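I am opening my notebook to look through a protein chain one piece at a time. Follow along with the structure beside you, and check each entry as we go.

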Amino acid sequence: MSTEAQLNVDVDAESILDPTTLDTLFREARTANTFSDEPVDDSTLEAIYELTKMGPTMMNNQPLRITWVRTAEARERLAAHMLEGNRAKTITAPMVALLSADANWHEHFETFFPHAPERKAQFDAIEGLRTQMALNNAHLQAGYMIMAIRAMGLHAGPMGGFDAAGIDAEFNAGTANKSFLIMNIGKPGTNPWFDRLPRLDFDVATSSI
């Protein structure tokens with residue numbers, strides 16, 4: 001029995017979105033482990049980013065940095081830093097995005113916070129806090145990116161399980177970017193979709209004070 005039924009709540013009635021959109025973004029979203037060979041074109045990637053960037057972040061800081069890993073050679077280099085069980089998924093996906101968090105996000109204050117660019121100076125000497133803020137907000141943006149991928153009619157296969165230090169040395173050298181997720185993107189192939197696993201109930205995952 002679904003949480004929706006247990007709570008006797010009509011999500012469709014509560015939402016401003018239509019049921020098909022709710023299905024696309026939430027109820028039918030699955031992590032794809034295999035993909036078809038249908039390519040993902042550049043205009044779709046730009047559309048994914050245009051939606052992703054609109055999600056709210058702290059002070060509009062937008063620390064997510066995306067590296068589109070396009071070539072077979074780059075895929076092999078990336079896969080060499082991944083757990084063996086994850087390598088084939090990335091090598092064969094139509095598109096792969098390496099997601100990183102820019103610890104020097106504050107350098108763009110004039111762009112993302114134009115009404116108070118002077119606040120950049122507050123973060124110049126506090127690298128530890130900047131890095132934590134970058135990671136927190138880049139993870140938020142990764143969630144927005146999955147929603148954007150779904151909105152384009154595609155599936156996402158987000159993965160950890162890699163040597164972040166090795167990837168940063170090879171792909172983020174000379175930057176303050178810290179890799180935290182690999183996102184395989186495309187139309188799904190033959191995936192062994194299991195019945196959706198149970199989700200925690202409202203009264204388990206939430207509380208009131």
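This is a predicted model: local features need pLDDT of at least 70, side-chain atom pairs count only at pLDDT 80 or more; totals for chains, interfaces and linings use all residues.

**Entry 1: a residue on the outside**

I started with Ala125, which counts as exposed because its relative accessibility is 75%, and the cut-off for exposed is over 50%. I found Ala125 in the loop between helix 7 (109-112) and helix 8. I also looked up how far Ala125 is from Ile66: the two are 59 residues apart along the chain, and their C-alpha atoms are separated by 25 Å.

**Entry 2: the whole chain**

Next I stepped back to see the whole chain. I counted 10 helices and four strands. Reading along the sequence, I wrote down the pattern α-α-α-α-β-α-α-β-α-α-β-α-β-α. Along the principal axes, the C-alpha atoms fill a box of roughly 50 × 50 × 30 Å.

How much of the chain counts as buried? I noted 36% of the 209 residues. I then looked at contacts with a separation of 6 or more, and 77% of them are between residues 24 or more positions apart.

**Entry 3: the buried side of helix 4**

Which residues in helix 4 are buried? In helix 4, residues 42-52, I listed Thr44, Leu45, Ile48 and Thr52 as buried. These four lie on the same side of helix 4, because they cover an arc of only 100 degrees around the axis.

Then I asked what covers the buried residues of helix 4. The cover includes strand 1 (64-69), strand 2 (95-102) and helix 8 (127-151).

Thr52 has a relative accessible area of 0%, so it is buried. Setting aside neighbours within four places in sequence, I found Thr52 in contact with Leu64, Gln141, Tyr144, Met145 and Ala148.

**Entry 4: two positive phi values**

My next stop was the loop between helix 4 and strand 1, where I found Met59. Phi of Met59 is near 55 degrees, which is positive in a residue other than glycine. Is Met59 buried or exposed? Met59 counts as buried because its relative accessible area is 15%, and the cut-off for buried is under 20%.

Asn60 also lies in the loop between helix 4 and strand 1. Phi of Asn60 is near 60 degrees, again a positive value in a residue other than glycine. With a relative accessible area of 32%, Asn60 is partly exposed.

**Entry 5: helix 5 beside helix 6**

I turned to helix 5 (residues 72-79) and helix 6 (residues 84-92). Their axes come within 9 Å and cross at roughly 165 degrees. How do helix 5 and helix 6 run relative to each other? They are therefore roughly antiparallel, since angles over 145 degrees count that way. I noted the crossing of helix 5 and helix 6 as right-handed.

For the contact itself, I wrote down Arg75, Glu76, Leu78 and Ala79 from helix 5, which meet Arg87, Thr90, Ile91 and Thr92 in helix 6. By class, this contact of helix 5 with helix 6 has three nonpolar, two polar and three charged residues.

**Entry 6: helix 3 against helix 8**

Here I looked at another pair of helices. Helix 3 and helix 8 pack at an angle of about 130 degrees, and their axes are 9 Å apart. Helix 3 and helix 8 are therefore oblique to each other. The crossing of helix 3 and helix 8 is right-handed.

Which residues meet in the contact of helix 3 with helix 8? I found Asp23, Thr24, Leu25 and Phe26 in helix 3 meeting Met147, Arg150 and Ala151 in helix 8. Sorted by class, the residues of this contact are four nonpolar, one polar and two charged.

**Entry 7: Pro19**

My last entry is on Pro19, which has its place in helix 3 (residues 19-27). Pro19 is partly exposed, with a relative accessible area of 39%. Apart from neighbours within four places in sequence, Pro19 is in contact with Asp12 and Arg27. I also compared Pro19 with Ser207: they are 188 residues apart in sequence and 27 Å apart in space, C-alpha to C-alpha.

Definitions and conventions. Residues are numbered from 1 along each chain as its sequence is written. Side-chain values use heavy atoms; hydrogens and water are left out. Buried means under 20% relative accessible area, exposed over 50%, partly exposed in between (1.4 Å probe, protein chains only). The arc is that of the directions from the helix axis to the C-beta atoms. Contact means heavy atoms within 4.5 Å. Axes are lines fitted to C-alpha atoms, for helices over the stretch in contact, and angles run from 0 to 180 degrees between N-to-C directions. Angles under 35 degrees count as roughly parallel, over 145 as roughly antiparallel, 65 to 115 as roughly perpendicular and the rest as oblique. A crossing is left-handed if the near helix is turned anticlockwise from the far one by less than a right angle, and right-handed if clockwise. Ala, Val, Leu, Ile, Met, Phe, Trp, Tyr, Cys and Pro count as nonpolar, Asp, Glu, Lys and Arg as charged, and the others, Gly among them, as polar.
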